[in-house]
Amino acid sequence: MKVAIIGAGNMGGAIARGLCNGSIIAPEDIVLSNRSVAKLDAIKAQYATIVTTCDNRQATCHADMIILAVKPWLIKTVIDEIKPTPEQVVVSVAAGIDFDSLEAMLPQCGNTIFRLIPNTAISLQESLTLISSRNATPEQEQLMLDIFNEMGVAMLIPESQMSAATSMTSSGIAYALKYIQAAMQAGVELGIYPHDAMKMVAQSMKGAAELILQNDTHPAVEIDKVCTPGGYTIKGINSLEANGFTAAVIEAIKSSCS
Ligand SMILES: NC(=O)c1ccc[n+]([C@@H]2O[C@H](COP(=O)([O-])OP(=O)(O)OC[C@H]3O[C@@H](n4cnc5c(N)ncnc54)[C@H](OP(=O)(O)O)[C@@H]3O)[C@@H](O)[C@H]2O)c1
């Protein structure tokens, strides 16, 4: 299968690297197109056989799948330029552009379309990647899951959940980082060097996430294990609640849900 990626920025570049590192698409079957050359040269230096170009038409004319990884406001311009045929699978990474809008931009009807929302951890192959499909067969959906499960964890969800899920995952990674930053600030005030504080908090966050994922449990179960009656941790938990932690997180996720 030949894949064209339009846009070699944070997302397009990380997807290109992830595909090259993966087992499903050979680097020589990937064409990466970008407006300017610097990002293309950087990827070419890592993966010599990937094909790079600044010509979007040339990139897509022989592609079975076209991944659009430009900013949302450029999606229509790129589609008008490349004019996908109905046989080409179109994958949009653009946040906030729904299937109806994408279909209206395509020159003909009937394309299989995927919406894909990774988060920035895709650069480390640790993304939570959301996938929704329109006009796709179960085999096409499975292929997308297989490809993006190699870059972290991929979940196929209905489009109606895309906005809420994007808020929890793509924006949500920023909220998790905000907790890390806040905890580091506390550590520094308490006399820990910033770099040590970063390692302490980040590894604790990673451990917390692994406990939930590997035990397939609820956070309350793991919190309960840490809270000795009359101990220090429950005082901290109650202080978080008294200061509106849960309400603030819920409000942040709801307010970033388009
Ligand atoms: N960042 C995130 O966390 C995130 C998460 C989920 C989804 N997304 C979505 O991913 C998409 C890309 O975001 P990003 O963060 O990767 O943006 P980005 O880093 O700015 O990358 C966009 C790339 O597109 C290139 N480009 C612009 N116009 C082009 C054209 N006409 N033809 C070919 N290439 C063109 C740019 O080239 P230059 O090098 O010349 O500027 C740039 O390298 C957006 O639609 C966004 O909604 C982002």
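Of the 258 residues in this chain, 28% are buried. Welcome to the structure, which is a predicted model. Its chain has twelve helices and eight strands, and its C-alpha atoms fill a box of roughly 65 × 40 × 30 Å along the principal axes. The points below start with the sheet, go through its strands, and then turn to the ligand and to some of the helices.

**The sheet as a whole**

- Eight strands form an open sheet in the order β3-β2-β1-β4-β5-β6-β7-β8, and their pairing is mixed.
- At the edges stand β3 (51–53) and β8 (152–156); each has a single partner strand, so one side of each is left without a neighbour in the sheet.
- On average, neighbouring strands of this sheet are turned by 20 degrees against each other, with direction ignored.
- As background, strands of a sheet pair through backbone hydrogen bonds, and they do so either parallel or antiparallel.

- Strand β1 (residues 3–6) runs parallel to β2, and four bridges join the two.
- One place to look at this pairing is Val3, whose bridge partner in β2 is Ile30.
- Between β1 and β2 the chain passes through α1, and this β-α-β crossover is right-handed.
- Strand β2 (residues 30–33) is covered on both faces: Ile30 and Leu32 are buried on one side, and Val31 and Ser33 are buried on the other.
- On to β3: β2 and β3 run parallel and are joined by three bridges, with Val31 standing opposite Val51 in β3.
- The chain gets from β2 to β3 by way of helix α2 (residues 38–46), in a β-α-β crossover that is right-handed.

- Strand β4 (residues 65–68) pairs with β5 in the parallel sense, over four bridges.
- Within that pairing, Leu68 has Ser92 of β5 as its bridge partner.
- A right-handed β-α-β unit is made by β4, helix α4 (residues 75–82) and β5.
- β5 also runs parallel to strand β6 (residues 113–117), and three bridges join them.
- Ser92 turns up again here, with Arg115 as its bridge partner in β6.
- To go from β5 to β6, the chain crosses through helix α5 (residues 99–105), and this β-α-β crossover is right-handed.

**Around the ligand**

- There are 27 residues around the ligand, and those that come nearest are Gly7, Gly9, Met11, Arg35 and Ala94.
- Helix α1 (residues 10–21) gives the largest share of this shell, with three residues.
- By type, the shell divides into 13 nonpolar, eleven polar and three charged residues.

- Helix α9 (residues 194–215) has 22 residues and reaches 31 Å from its first C-alpha to its last, which is close to the 32 Å expected at 1.5 Å a residue.
- Two of the 22 residues of α9 are buried, so the helix lies largely in the open.
- Just after α9 comes Asp216, which takes a positive phi of about 50 degrees.
- In helix α11 (residues 232–242), the number buried among its eleven residues is zero, so this helix also lies largely in the open.
- Gly244 follows α11 and has a positive phi, near 85 degrees.

- Ile253 lies in helix α12 (residues 245–255).
- With 15 other C-beta atoms within 10 Å, Ile253 is partly exposed.
- Ile253 and Gly172 are 81 residues apart along the chain, while their C-alpha atoms are separated by 7.4 Å.

Note on methods
Residues are numbered from 1 along each chain as its sequence is written. This is a predicted model: local features need pLDDT of at least 70, side-chain atom pairs count only at pLDDT 80 or more; totals for chains, interfaces and linings use all residues. A residue is near a molecule or strand if its C-beta atom, placed from the backbone, lies within 6 Å of it. Ala, Val, Leu, Ile, Met, Phe, Trp, Tyr, Cys and Pro count as nonpolar, Asp, Glu, Lys and Arg as charged, and the others, Gly among them, as polar. Two strands pair if DSSP finds at least two bridges between them. A crossover is right-handed if, with the strands pointing away from the viewer, the path from the first strand over the helix to the second runs clockwise. Axes are lines fitted to C-alpha atoms, for helices over the stretch in contact, and angles run from 0 to 180 degrees between N-to-C directions. A residue is buried if 20 or more other C-beta atoms lie within 10 Å of its own, exposed if 12 or fewer, and partly exposed in between; C-beta atoms are placed from the backbone. The expected span of a helix is 1.5 Å times one less than its number of residues.
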